[in-house]
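Please brief me on this structure. Which helices and cores are worth a look?

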Amino acid sequence: MTSTMRAPVTSVTTRAPAGRHGVRPPRLVAHRGAPRVRRENTLPAVAVAEALGAETIEVDVRRTADGVAVLLHDETLGRMWGDGRRVCDVDWCDVARLGNGLDRIPRLDAVLERLDGCRSTLLVDVVDPADAVVAARTVAGHRGTTGVAWRGTPAAMAAVRAELPDADVWLRWESLVPPTAADLEALAPSTLDLDVVFLTPRTIEAAHALGLRVAVRVVDDAEPALWAARLGVDSITTNDVATVRAALAEAERDGWPDREREPTETEVASRAQALAHRIAHEVIAFTREHPVGEVATKGHPADLVTDVDRLVEQLVRSRVRTVFPTHGVTGEEYGDAPGDRHRWYLDPVDGTTNLVNGVPWTSMSLCLTRSGRPVVGVVADPWRGEVLEARRGHGATLRDRTLHLDDVPRALAGAVVGTEFDGHRPWPGFVRFLDALADRSCTVRVQGSGTLTIAQVAAGRGIGGCVPAFDPVDHGAAVLLVHEAGGVVLTRGGPVDGFPPVGEPFLVAHPGAADALHDVWTAALAG
């Protein structure tokens, strides 16, 4: 009988003694075997991971049409094996024919046999409860000593627990809020399993206080791996066991030294600008290609959030954490993650109502600040395929074109001014603002994305724009764009350098029309 009790797995994954600087090297979990060496979730990938010394090897399990547990991450056979069918609709005999040589889809029982007597334990990841039942019965029926732990969706873990009451379950945690004892009651997990974007000192402290180990995934680079180790994680899931192991070993050998010096603002800004550029283009592709699935409400029925919002935010947080693990992040959907003097502000989808209703006018906003001052900002427009970028003191660009607003006087007549509602309602003075501009033959547009309303002014599209309350999550990048393009950012009291006060209405304008537009706007607010 394969061991599914917590005790054997716990003994294998107990952390090493702390070094002289109090850091315990975390155990390494090989993600899908060794996908950078051999095809993921295959016997060769498992063998390489075991040879590299991974303490645990994580594999994904699905079921075939005739109830065989096999290693496969996706619901279909398309991405890895060139067959668009769902694996649950295909019998094992047909699945076994896919691939070449040893690079084939293996059965779960074959992997259990391969690891029998080895140092490495197995971590089985399952999403669907029906798959979980088949996998759990396969493990229960295997006669051997391979240690097995489980992770996956709550429903899948409940199915595992029903089949194997003593199973070692890892609780997947997708929140920056630490767990409580009540969160553990249903599954009684041994380990809190976190994506790296949700890893914080407070969560580690809370988990350890509850008697949980902490596992973080997926970390492939040295810097975030060392950061996670210093925070006190118990295991790191990685696609690159060799690189992460070498980085941890070097740090342990050298006594876990602190960084020799803090990077300068110029160094951080240069790296951040390159990172933000890459992220923006990745988000454009993701948003265009990913259909909207789940739609829910937050504060009120018009305040929508979708799976795209959450997935994009997780993607961006992961990219930032990989390059700048010590930076703080504040996002629209998941809130604040602590950090050093640097903080990123992120709105993954500004204009969610447009996205849900098929209106191609949304944007992603990402802005890095240092001690509260904006440093780098990007606004990505998925539907135009545009990325507007700015770096403090280095100007703003759009598709390699420098954005520059001259100070030649501009008339309001015939011009366009953008604004946005306060949520889904007009802001106080909205009608007066429309009437006053109409009297001056100036047209107002309400497009549904405050980020784009402000950013388009930096691009010379419209003479100005205003929103009812500044929030760095929504408007930080766009405000930096306007500043760096030579535009004017104003509150009711006049021009501001940097960000307006949080929660205050603000206006951005072409320099040649700023005074006239400010007069109309402030009069409408005061009306």
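Predicted model: local features only at pLDDT ≥ 70, side-chain atom pairs only at ≥ 80, totals over all residues.

Residues are numbered from 1 along each chain as its sequence is written, and side-chain values use heavy atoms, without hydrogens and water.

**Helix α6**
- Helices are DSSP runs of H or I, at least four residues, and strands are runs of E, at least two, numbered from the N terminus.
- Buried residues (under 20% relative accessible area, 1.4 Å probe, protein chains only) of α6 include A132, A135 and V139.
- Among the elements covering them are β2, β6 and α7.

**Cores**
- A nonpolar core is a set of buried Ala, Val, Leu, Ile, Met, Phe, Trp, Tyr and Cys residues joined through side-chain atoms within 4.5 Å.
- The largest has 64 residues; V61, L108, L122, V126, W150 and L199 touch the most other members.
- Apart from it lies another core of 29 residues, including F324 and L355.

**Helix α15**
- In α15 (residues 430–439), F430, F433, A436 and L437 are buried.
- They fall within an arc of 130 degrees, so they line one face of the helix. The arc is taken from the directions from the helix axis to the C-beta atoms.
- V431 and D439 are exposed (over 50%) on the face turned away.

Definitions and conventions: Contact = heavy atoms within 4.5 Å.
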